[in-house]
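Visitor: Hi, I'm new to this one. Could you show it to me and walk me through a few spots?

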Amino acid sequence: MELTTWFDRGITYDQYVSSMQVNQEELLSLYKKISLSEEEKVHFGALHDREWKVIVLTADWCGDALLCVPVLKRIAEVANLDLRFLIRDENLELMDQYLTNGTSRAIPIFIFMDSQGNEIAVWGPRSPEVQARIQELRSTLPAKEDPTFEEKQKAMYAKFRQEILLMPSVWQSVKNSILKQLTKVAQEKKHA
């Protein structure tokens with residue numbers, strides 16, 4: 001299926017948020033806390049007239065989506081990005097084309113398209129800083145065979161969830177990572 005067909009199957013941000021069963025309150029709270037600096041508004045605003053579309057592969061239970069979707073929404077407002085949301089497990093045919101490390105159905109995945117529906121960039125599921133933090137936290141876990149592994153893993157993710165909700169540096173890392181990706185694409189398009 002072409003990306004445009006997938007995009008057309010997606011739901012809007014408002015539809016996605018209203019359908020959320022797990023992290024709706026936290027996502028909306030995070031969205032209110034996240035803002036773009038004046039410099040970021042200039043950078044993302046430079047994309048305003050490009051009429052780019054974004055397919056967001058996500059699920060409302062996902063902590064990474066809880067972090068990244070509100071950031072993308074703020075960027076979309078300035079860059080005039082048209083967002084459509086597809087739930088990962090309902091769209092595995094598309095998801096399996098965007099596996100992380102060729103094996104993992106990690107989300108969110110943001111598929112950026114030009115106005116003709118051509119893929120121009122893919123971002124996700126994490127900024128490099130968030131990935132490093134997750135690896136750091138995982139390194140403290142006992143072996144999977146350890147009887148306390150599940151409990152400690154659950155506590156680790158709860159700790160990271162608090163960081164997502166309370167630490168602007170985490171949000172900033174996502175903004176920076178998306179900006180870097182889109183700036184690179186915009187420059188390539190300019191020189192093409």
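Visitor: Is Cys68 buried or exposed?
Guide: Cys68 is buried, because its relative accessibility is 1%. Buried means under 20% relative accessible area, exposed over 50%, and partly exposed in between, with a 1.4 Å probe and protein chains only. This is a predicted model, where local features need pLDDT of at least 70, side-chain atom pairs count only at pLDDT 80 or more, and totals for chains, interfaces and linings use all residues. Residues are numbered from 1 along each chain as its sequence is written, and side-chain values use heavy atoms, leaving out hydrogens and water.

Visitor: OK, new topic. Where is Ser177?
Guide: Ser177 is in helix 9, residues 168-191. Helices are DSSP runs of H or I with at least four residues, numbered from the N terminus. Ser177 counts as buried because its relative accessibility is 14%.

Visitor: And which residues does Ser177 touch?
Guide: Leaving out residues up to four places away in sequence, Ser177 touches Trp123, Ser127 and Pro128. Contact means heavy atoms within 4.5 Å.

Visitor: What about Phe44, which residues does that one touch?
Guide: With residues up to four places away in sequence not counted, Phe44 touches several, including Leu36, Ile75, Lys175 and Leu182.

Note on methods: Helix = DSSP H or I, 4+ residues; strand = E, 2+ residues; numbered from the N terminus.
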